[in-house]
Amino acid sequence: MDLGIKNKVALVAASSRGLGKAIAFQLSREGAKVVICARNKERLGKTRDEIAAETGGVVRAFVADVKDKKQVSKMVEQTVKELGTIEILVSNAGGPPSGTADDFTLNDYQDALELNLLSTINLCYEVIRFMKKQKWGRIINMVSVAAKQPIDSLILSNTARAGVLGFSKSLSNQVASYGITVNSICPGYTKTERVEELAKSFEESGKGTVKDFYKNIQKNIPTGRLGAPEEIAHAVAFLASEGAGYITGVALQVDGGYTKGLF
Ligand SMILES: NC(=O)c1ccc[n+]([C@@H]2O[C@H](COP(=O)([O-])OP(=O)(O)OC[C@H]3O[C@@H](n4cnc5c(N)ncnc54)[C@H](OP(=O)(O)O)[C@@H]3O)[C@@H](O)[C@H]2O)c1
């Protein structure tokens with residue numbers, strides 16, 4: 001299926017590994033010009049080279065912390081200078097620490113909101129002026145199933161992600177007449193480097209083996225397995241496509257059936 005995004009410029013935030021990297025890869029395979037970013041320069045450079053070598057596409061990399069407004073502005077400015085515009089935005093970031101109400105102070109909530117809510121709002125504000133001008137845009141905000149079905153041990157994530165859904169839905173209504181869609185993806189448990197690290201630290205803390213870690217998660221997933229990053233990337237690529245122009249304001253879980261509610 002041709003997604004109709006050849007030569008479109010896609011900015012994929014937080015993308016040197018994990019979900020962001022898989023999304024950048026997929027958009028590049030579809031022929032989009034891809035801009036990636038992360039904080040660690042070395043890993044970012046490796047990812048840029050890996051994607052470009054496999055797809056032969058245009059891939060630019062910027063060292064930028066999505067929490068830093070100045071760095072994000074500079075990345076957007078440079079992208080537009082080099083590639084002309086931004087047509088697709090995938091907002092993404094690292095995840096906040098896990099824990100329950102007793103584990104955190106107001107400062108921790110502030111950090112989590114900056115990382116997972118304000119960074120999304122800022123990225124959207126940065127790109128929307130170009131999308132309005134060209135009367136075409138696709139915004140996909142990466143969230144989590146925790147936004148739809150809060151996870152007890154992730155109070156910071158539950159709080160910040162719900163905010164992203166509210167923002168995305170409001171924004172989608174306010175920019176729809178410009179040909180811009182705004183949707184959110186709520187990934188369920190997906191086997192990225194981060195989850196592999198969590199499995200290792202579970203074993204190191206003596207709570208059980210790596211196998212136990214995955215078994216505990218898998219028992220709540222109807223498909224009986226974790227997702228692959230590529231499976232999230234395919235959903236993002238579809239929402240970025242020309243054909244998805246009538247889908248907006250949606251929060252789509254890609255979770256092997258993990259979410260138990262109807263919506
Ligand atoms: N994997 C899952 O099962 C799952 C499920 C639901 C939701 N999520 C959420 O989806 C997001 C991505 O998860 P993941 O598993 O792909 O994580 P990951 O494997 O840890 O990858 C995170 C990526 O984001 C970059 N990054 C982190 N913080 C950043 C920042 N402040 N500014 C710029 N780049 C940043 C990292 O590079 P640097 O460290 O070099 O910056 C890395 O490239 C997280 O918010 C996570 O909570 C994941």
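This is a predicted model: local features need pLDDT of at least 70, side-chain atom pairs count only at pLDDT 80 or more; totals for chains, interfaces and linings use all residues.

Reader: What radius of gyration does the protein chain have, and what would a compact globule with 263 residues have?

Author: A compact globule with 263 residues would have a radius of gyration near 18 Å, and the value for the protein chain agrees with this. Along the principal axes, the C-alpha atoms fill a box of roughly 50 × 40 × 40 Å, and buried residues make up 49% of the chain. The radius of gyration of the protein chain itself is 18 Å.

Reader: How many helices and strands does the protein chain have, and what percentage of the contacts between residues at least 6 apart in sequence join residues at least 24 apart?

Author: The protein chain has eight helices and seven strands. Among its contacts between residues at least 6 apart in sequence, the share that joins residues at least 24 apart is 74%.

Reader: Is strand 6 mostly covered or mostly open, and how many of its residues are buried?

Author: In a regular strand the side chains alternate between the two faces of the sheet, so each face has to be considered. On one side of strand 6 lie Ile180, Val182, Ser184 and Cys186, on the other Thr181, Asn183, Ile185 and Pro187, and all of these are buried. Strand 6, residues 180–187, is therefore mostly covered, since being buried takes under 20% relative accessible area and the number of its residues that are buried is eight of eight.

Reader: In which sense do strand 5 and strand 6 pair, and what is the handedness of the crossover from strand 5 to strand 6?

Author: Strand 5, residues 137–142, pairs with strand 6 in the parallel sense over six bridges, with Asn141 standing opposite Ser184. Between these two strands the chain passes through helix 5, residues 155–175, and this β-α-β crossover is right-handed.

Reader: Which residue in strand 7 does Ser184 stand opposite?

Author: Strand 6 is joined to strand 7, residues 251–254, by four bridges, and the two strands run parallel. Within strand 7, the residue opposite Ser184 is Ala251.

Reader: Which element gives the most residues to the largest nonpolar core?

Author: Of the 30 residues in this core, Leu27 and Ile88 touch the most other members. Several elements each supply at least two residues, including helix 1 (18–29), strand 4 (88–91) and strand 5. With seven residues, the element that gives the most is helix 8.

Reader: Is Ser157 buried or exposed?

Author: Ser157 is found in helix 5, and, not counting residues up to four places away in sequence, it touches Pro96 and Ala146. Because its relative accessibility is 4%, Ser157 counts as buried.

Reader: Where is Asn7 placed, and is it buried or exposed?

Author: Asn7 has a positive phi of about 70° although it is not a glycine, and its place is in the segment before strand 1. With a relative accessible area of 53%, Asn7 is exposed.

Reader: What is the relative accessible area of Ala14?

Author: Ala14 is in the loop between strand 1 and helix 1, and its phi is near 50°, a positive value in a residue other than glycine. Ala14 is partly exposed, with a relative accessible area of 21%.

Key
Residues are numbered from 1 along each chain as its sequence is written. Side-chain values use heavy atoms; hydrogens and water are left out. Buried means under 20% relative accessible area, exposed over 50%, partly exposed in between (1.4 Å probe, protein chains only). Two strands pair if DSSP finds at least two bridges between them. A crossover is right-handed if, with the strands pointing away from the viewer, the path from the first strand over the helix to the second runs clockwise. The radius of gyration is taken over C-alpha atoms; the globule rule is 2.2 Å times the number of residues to the power 0.38. Contact means heavy atoms within 4.5 Å. A nonpolar core is a set of buried Ala, Val, Leu, Ile, Met, Phe, Trp, Tyr and Cys residues joined through side-chain atoms within 4.5 Å.
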